[in-house]
Amino acid sequence: MNARLPQLISPVILDDVRGAQKMLSGVARVTPMEGSRHLTRLVGSPVHLKCENLQRTGSFKLRGAYVRISGLRPEERAAGVVAASAGNHAQGVALASSLLGVRSTVFMPVGAPLPKVAATRQYGADVRLAGQVIDETLARAEEYAHETGAVFIHPFDHPDIVAGQGTLGLEILEQCPEVRTILVGVGGGGLAAGIAVAVKALRPDVRVVGVQAEGAAAYPPSLAAGRPLSLEAPSTMADGIKVGRPGDVPFRIISELVDEVRTVSEDALSSALLLCLERAKLVVEPAGASPVAALLGDPGAFEGPVVALLSGGNVDPLLMQRVLRHGMAAAGRYLSLRLRLTDRPGVLAALLGTLSEADANVLDVSHVRTDPRLGLTEVEVELQLETKGPEHCEEVAAVLRSAGYTVLD
């Protein structure tokens, strides 16, 4: 992909982004940028975290939504706006509409996390639950727009949305003028496209890298084909970038201005979220942690200084629990084992003593006595252990084997 001047090829230009920045003054926060010593050591050059998770409504979506709704004609504002979203865009549209005095209706999937539904209502939107998946919700919102005349506010596929999100690119250059690489999560592409427009116009030497979840990576095949392609069933914990088809407007920009789009695994996303929480003391949703996941997966691939954009922090508490457990397991902090023992008094106590000597903390123990594979005097024990990392996991297993225990696969 060639980093040509955006003024020559883009439906959004630098002046649009600068105009959006003026429009957002006093509305969107200039979010802080924090250095990460851990990631700096890992990468071998300075790494900074752009903390857009601390933005109003908890994500960057307010920027584009406010710019889009601000640009509506008086008769369009009078008709109200409608949007479809599982969370971040919903809250951005709700708050932007309230600030501008525009009536908003937001359709959300039936299974949307309750905290996100409640927050969207508190920001002033009329929330309606429709559809089991976002595609069904989106269709219902478009039907509503057709029926009522409300203006549909797309989450990423509009020049005003792209321009609003691009204000983050201007902030990054202002806060870290020496930056060489910017990492940004990619779903539909509005955020990455906007940042690329701003950054490539002012600093064409800066490398802009998009990051997608492996299970929802529509951009790599689309870029290879030269046109947006749809995924049949995108799947990832990172719902903020779980988009099945690139937007037409951002795709055109990304194909010309973004240097690379990488993918990251679910394990990497979990580990990145855990790192942000433990090392940076920042609550970040999986989509927002995707740039950090890319750094963890291939730290030598990025010239520094690096800015990793944490695009949002709206994570459902129940998902946070599951992701943290998954992240700790991926980091070697949990170990699951199955052992076969002789079923007699004192055997379990001896096993727990051995684990104590190996400095492994037992979280859960379960017994299986009725499996037909077991002998008459045998019992299978499943253990959930808290460990200190991959090496400690191997040490614990080795200690058990050397003590004569049969460790099953």
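## Salt bridges

A salt bridge is counted here where a side-chain nitrogen of Lys or Arg lies within 4 Å of a carboxyl oxygen of Asp or Glu. The model is predicted, and the structure holds 18 salt bridges by this criterion. In one of them Glu171 pairs with Lys50, with 2.7 Å between the closest N and O atoms. Glu171 belongs to helix H9 (residues 159–175) and Lys50 to strand E2, so this contact ties together parts that are 121 residues apart in sequence. Glu171 and Lys50 are both buried.

Glu171 also forms a salt bridge with Arg63, at an N to O distance of 2.9 Å. Here helix H9, which holds Glu171, is linked to helix H4 (residues 61–70), which holds Arg63; the two residues are 108 residues apart. Arg63 is buried, as is Glu171.

A further salt bridge joins the side chains of Arg262 and Asp298, with 3.1 Å from N to O. Arg262 is in strand E9 (residues 260–264), while Asp298 is in the loop between helix H14 (290–297) and E10, so the pair connects parts that are 36 residues apart in sequence. Asp298 has a relative accessible area of 32%, which makes this residue partly exposed. Salt bridges with shared partners join Lys50, Glu52, Arg63 and Glu171 into one network.

The cut-off for buried is a relative accessible area under 20%. Val306, Ala308 and Leu310 point one way from E10. Val307 and Leu309 point the other way, and these residues too are buried.

E10 pairs in the parallel sense with strand E2 (residues 47–51), over 5 bridges. In this pairing Val47 stands opposite Val306 of E10. Strand E2 is also the strand that holds Lys50, the partner of Glu171 in helix H9. E10 has a parallel pairing with strand E7 (residues 181–185) as well, over 3 bridges. Leu183 stands opposite Ala308 of E10.

## A four-stranded open sheet

An open sheet is formed by 4 strands in the order E5-E4-E3-E6, with parallel pairing. Strand E5 (126–129) and strand E6 (151–152) are at the edges and have a single partner strand each, so one side of each is left without a neighbour in the sheet.

The partner of E6 is strand E3 (residues 81–84), and the two pair in the parallel sense over 2 bridges. Across this pairing, Val81 stands opposite Val151 in E6.

## A positive surface patch

Which residues form the positive surface patch? The patch consists of Arg37, Arg41, Arg279 and Lys281. Among them, Arg41 lies in helix H3, which spans residues 37–43. Arg41 has a relative accessible area of 61% and is therefore exposed, the cut-off for exposed being over 50%.

Note on methods:
Residues numbered from 1 in each chain as written. Predicted model: local features only at pLDDT ≥ 70, side-chain atom pairs only at ≥ 80, totals over all residues. Heavy atoms only, no water. Buried < 20%, exposed > 50% of the residue type's maximum accessible area, 1.4 Å probe, protein only. Pairing = 2+ DSSP bridges. Patch = residues over 30% accessible without salt bridge, like charges linked within 9 Å, V, L, I, M, F, W, Y side chains within 5 Å. Areas by Shrake-Rupley, 256 points an atom, 1.4 Å probe, with all protein chains shown as cover. Lys, Arg positive; Asp, Glu negative; His and termini not counted. Charge placed at Lys NZ, Arg CZ, Asp CG, Glu CD.
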